[in-house]
Amino acid sequence: MNTDAFYHYLTRTRRALWATLRAMPDEQLSRAVIPTEGARCIKDLVMHIAVVEDGWFRGDLLGRPLVRETFGWKPPSSPDEYWHHPEKSLEELLTYWEAVEQDTLARWPELIEQAATDRRVAVDEVLWHVMQHEVRHTAQIVQMIRLLGDVPPALDLAFFAAR
């Protein structure tokens with residue numbers, strides 16, 4: 001699978017995941033399901049996925065300001081501020097994630113060009129890393145949805161390729 005096709009698959013699976021999350025009560029989305037210092041609830045992972053794409057693609061690879069800054073959000077000053085977001089509304093988090101996605105799509109040719117020419121870092125590997133990172137964390141969200149007693153969407157590539 002090529003990089004373009006894989007990112008397109010992610011944008012499609014996001015819509016299915018977001019629809020499921022929007023149907024869930026805020027109490028479930030904010031409930032600490034995983035006893036850890038890191039991402040404990042679904043909202044934590046939603047924010048984390050978007051922040052990683054924003055930071056790696058814009059900040060690290062392109063040297064551009066993060067989309068986060070347009071939301072007036074300051075950089076976290078502690079691990080707690082980085083990881084925990086149960087107080088934010090789901091819509092606020094999804095609006096941010098969607099803005100990151102839109103900016104990524106707008107800059108996609110620049111990211112691909114960077115992957116082909118930049119020798120400081122293995123940019124193509126970073127593109128794949130960030131996309132695989134999302135797959136791993138959306139799998140965690142799917143498991144959290146199950147643990148909360150809800151039915152998650154089917155996000156596997158096979159389901160989307162069959163459509």
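H1 and H5 lie roughly antiparallel to each other in this predicted model, because their angle of about 170° falls in the range over 145 degrees that counts as antiparallel. Helix H1 covers residues 3-22 and helix H5 covers residues 90-117, with the two axes 12 Å apart.

Who does the touching? On the H1 side, the contact residues include Tyr7, Thr11, Arg14, Leu17, Trp18 and Leu21. H5 answers with a set that includes Leu94, Trp97, Glu101, Leu105, Trp108 and Ile112. Sorted by class, this contact comes out at 10 nonpolar, three polar and seven charged residues.

H5 also packs against helix H3, residues 42-62, at an angle of about 30°. That is under 35 degrees, so H3 runs roughly parallel to H5. The contact of H3 with H5 is made up of 16 nonpolar, two polar and eight charged residues. As for handedness, H3 passes H5 in a left-handed crossing.

Here are the two pairs side by side:

| Helix pair | Angle | Axis distance |
|---|---|---|
| H1 and H5 | about 170° | 12 Å |
| H3 and H5 | about 30° | 9 Å |

Now for H5 itself. How far apart are its end C-alpha atoms? They sit 38 Å apart, which agrees with the 40 Å that 28 residues should span at 1.5 Å a residue. H5 does have a kink of about 60°, though, and the bend lies at Arg107, shortly before the proline Pro109.

Conventions:
Residues are numbered from 1 along each chain as its sequence is written. This is a predicted model: local features need pLDDT of at least 70, side-chain atom pairs count only at pLDDT 80 or more; totals for chains, interfaces and linings use all residues. Side-chain values use heavy atoms; hydrogens and water are left out. Axes are lines fitted to C-alpha atoms, for helices over the stretch in contact, and angles run from 0 to 180 degrees between N-to-C directions. Helices (H or I, at least four residues) and strands (E, at least two) are DSSP runs, numbered from the N terminus. Angles under 35 degrees count as roughly parallel, over 145 as roughly antiparallel, 65 to 115 as roughly perpendicular and the rest as oblique. Contact means heavy atoms within 4.5 Å. Ala, Val, Leu, Ile, Met, Phe, Trp, Tyr, Cys and Pro count as nonpolar, Asp, Glu, Lys and Arg as charged, and the others, Gly among them, as polar. A crossing is left-handed if the near helix is turned anticlockwise from the far one by less than a right angle, and right-handed if clockwise. The expected span of a helix is 1.5 Å times one less than its number of residues. The bend at a residue is the angle between axes fitted to the seven residues ending there and the seven starting there.
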